[in-house]
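Let's take a walk through this structure together, one region at a time. Please keep the sequence and the 3D view open as you read.

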Amino acid sequence: MNAPIRLPLPPSLYADTAVQATPTPQLTADKSVPVAIIGGGFTGLSTALHLAEQGVLATVLEAQEPGWGASGNNGGQTNPGLKHDPDQIEQDFGTDLGRRMIEFSYGTTNFTHDLIRRYQIPCEARQNGTLRAAYNEASAAAIATTAKQCIRRGMPAKLLDAAEMRQMTGSDRYLCAMLDARGGDLHPLSYARGLARAAIGAGAAVHGETPALRLRRDGGRWRIETPRAVVLADKVLLATNGFTDDLWPALRRSIVPVFSSIAATAPLSEAIARAIMPTRPVLYESGHITVYYRIDQQNRLLMGGRGPMRWISKPTDVAYLIRYAERLWPQLKGVSWTHGWNSRLAITADHYPHVHEPAENLLISLGCNGRGVALSTAMGAQLARRLIGGPKAEIDMPVTGIKPIPMHAFWRVGVITAVLTGRVRDRLGV
């Protein structure tokens with residue numbers, strides 16, 4: 001078999017500042033395991049940890065190193081909820097499952113920060129709230145609706161007006177925002193490495209530079225071929241998200257792998273940092289094309305959004321984010337921007353996370369749609385329950401069939417068109 005190709009981490013701020021990685025050696029000898037997990041991001045690592053807590057020692061197979069993909073390269077925001085409003089979720093999935101989905105998804109941030117405290121994971125975690133902000137009338141009306149639905153359900157949400165948003169952000173850009181006190185932020189690569197360390201400490205095995213090349217039935221078990229060894233597993237979880245390939249038929253065509261980009265400044269002066277985000281919430285804009293940002297514990301501003309549909313390596317590759325930051329805060333002109341990077345996340349056609357069981361003892365989870373930090377962490381406990389209990393073990397997300405997206409081969413053209421169209425619509429306020 002061919003040796004795996006080791007790729008360096010994307011040139012991110014996180015790669016330069018993360019805690020040291022726990023060794024995750026390549027798999028070099030055949031193994032027989034109760035559960036094999038393909039993918040060493042938040043979903044796979046959290047599932048391995050929650051399985052180990054219940055005495056099931058899983059083996060994680062990661063093509064590069066834990067957190068190499070979007071898990072270790074995202075905006076670092078822990079945001080509650082799903083893409084759709086609570087009323088829409090209940091309409092789509094019925095009262096029982098819909099309410100469970102709402103309770104679960106809006107509880108993912110508390111779940112994640114509790115897990116970080118329980119395992120003492122050093123990842124700069126804070127829980128200072130999430131702002132979902134509007135800068136045009138259409139988005140403002142949508143946010144007011146969301147806030148009303150959340151408040152009606154007893155959530156710690158509050159609708160802020162334009163004056164309050166000026167105080168919260170130092171910008172007059174926003175008409176309103178919903179503040180959810182449960183949101184927060186963290187250092188995602190340090191968190192991924194901490195999850196790997198916790199899972200290994202609990203008894204799981206994590207193998208880096210060990211891509212799964214082939215997956216097939218072998219009698220009553222699953223056979224996974226890797227470059228140097230074969231794994232025989234009673235059960236398998238596929239958790240490859242934006243890096244999903246053709247390991248399982250049609251799965252790759254059920255999601256769109258979209259690049260999300262981030263630019264980061266050098267540490268700002270205390271005066272500028274406090275003028276921008278004095279109470280340190282995280283913010284994402286409500287629009288057709290989302291921009292998101294936060295100030296980290298070293299006073300760096302991290303601005304994220306849709307960028308080129310290719311890998312980038314420097315802040316000038318996403319100059320539009322820098323220009324937008326200077327539009328929000330003119331005092332940033334002349335500030336040094338030190339990093340620019342991106343990674344791929346998975347978008348689903350219906351913007352819900354997807355869980356599939358296409359064969360006996362095979363579970364698939366992907367498609368966090370940009371809310372992956374907290375959602376994928378909490379999904380780990382759900383998936384562990386399902387892997388242990390089987391189809392009779394209900395989870396708080398729907399288990400559906402794989403549905404390939406029509407015309408998937410043209411996803412790149414479609415994404416570029418959607419981004420351009422979305423930017424125009426946001427400017428027009430429609």
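Leaving aside its neighbours within four places in sequence, which residues is Thr 24 in contact with? Before answering, keep in mind that this is a predicted model. Thr 24 itself belongs to the loop that links helix H1 (13-17) and strand E1 (31-38). Once the neighbours within four places in sequence are set aside, Thr 24 touches Pro 66, Ile 200, Val 206, His 207 and Gly 208. Is Thr 24 buried or exposed? Its relative accessible area is 15%, and the cut-off for buried is under 20%, so Thr 24 counts as buried.

From here we can turn to a pair of helices. Helix H3 (residues 86-93) and helix H4 (residues 95-106) have axes that come within 7 Å and cross at roughly 140°. H3 is therefore oblique to H4, since the label roughly antiparallel is kept for angles over 145 degrees. The handedness of the H3 and H4 crossing is right-handed. On the H3 side, the residues that meet H4 are Pro 86, Ile 89, Glu 90 and Phe 93. Their partners in H4 are Thr 95, Leu 97, Gly 98, Arg 99, Met 101, Ile 102 and Tyr 106. Sorted by class, the contact of H3 with H4 holds seven nonpolar, two polar and two charged residues.

The axes of helix H2 (residues 42-53) and helix H11 (residues 372-389) cross at roughly 45° and come within 7 Å. H2 and H11 are therefore oblique to each other, and H2 passes H11 in a right-handed crossing. From H2, the contact draws on Phe 42, Thr 43, Ser 46, Thr 47, His 50 and Leu 51. H11 contributes residues including Gly 372, Val 373, Ser 376, Thr 377, Gly 380 and Ala 381. By class, the residues of the contact between H2 and H11 are eight nonpolar, eight polar and no charged.

Finally, how confident is the predictor, and where? The mean pLDDT of the protein chain is 94, and 94% of its residues reach 70 or more. Among the elements of the chain, strand E2 (residues 59-61) has the highest mean pLDDT, 99, while helix H12 (residues 411-428) has the lowest, 46. Over residues 419-430 the pLDDT stays under 50. For that stretch the model has 17 contacts beyond four places in sequence. Where pLDDT is low, the predicted coordinates should not be read in detail.

How values were computed:
Residues are numbered from 1 along each chain as its sequence is written. This is a predicted model: local features need pLDDT of at least 70, side-chain atom pairs count only at pLDDT 80 or more; totals for chains, interfaces and linings use all residues. Side-chain values use heavy atoms; hydrogens and water are left out. Axes are lines fitted to C-alpha atoms, for helices over the stretch in contact, and angles run from 0 to 180 degrees between N-to-C directions. Helices (H or I, at least four residues) and strands (E, at least two) are DSSP runs, numbered from the N terminus. Angles under 35 degrees count as roughly parallel, over 145 as roughly antiparallel, 65 to 115 as roughly perpendicular and the rest as oblique. A crossing is left-handed if the near helix is turned anticlockwise from the far one by less than a right angle, and right-handed if clockwise. Contact means heavy atoms within 4.5 Å. Ala, Val, Leu, Ile, Met, Phe, Trp, Tyr, Cys and Pro count as nonpolar, Asp, Glu, Lys and Arg as charged, and the others, Gly among them, as polar. pLDDT is the predictor's confidence in each residue, from 0 to 100. Buried means under 20% relative accessible area, exposed over 50%, partly exposed in between (1.4 Å probe, protein chains only).
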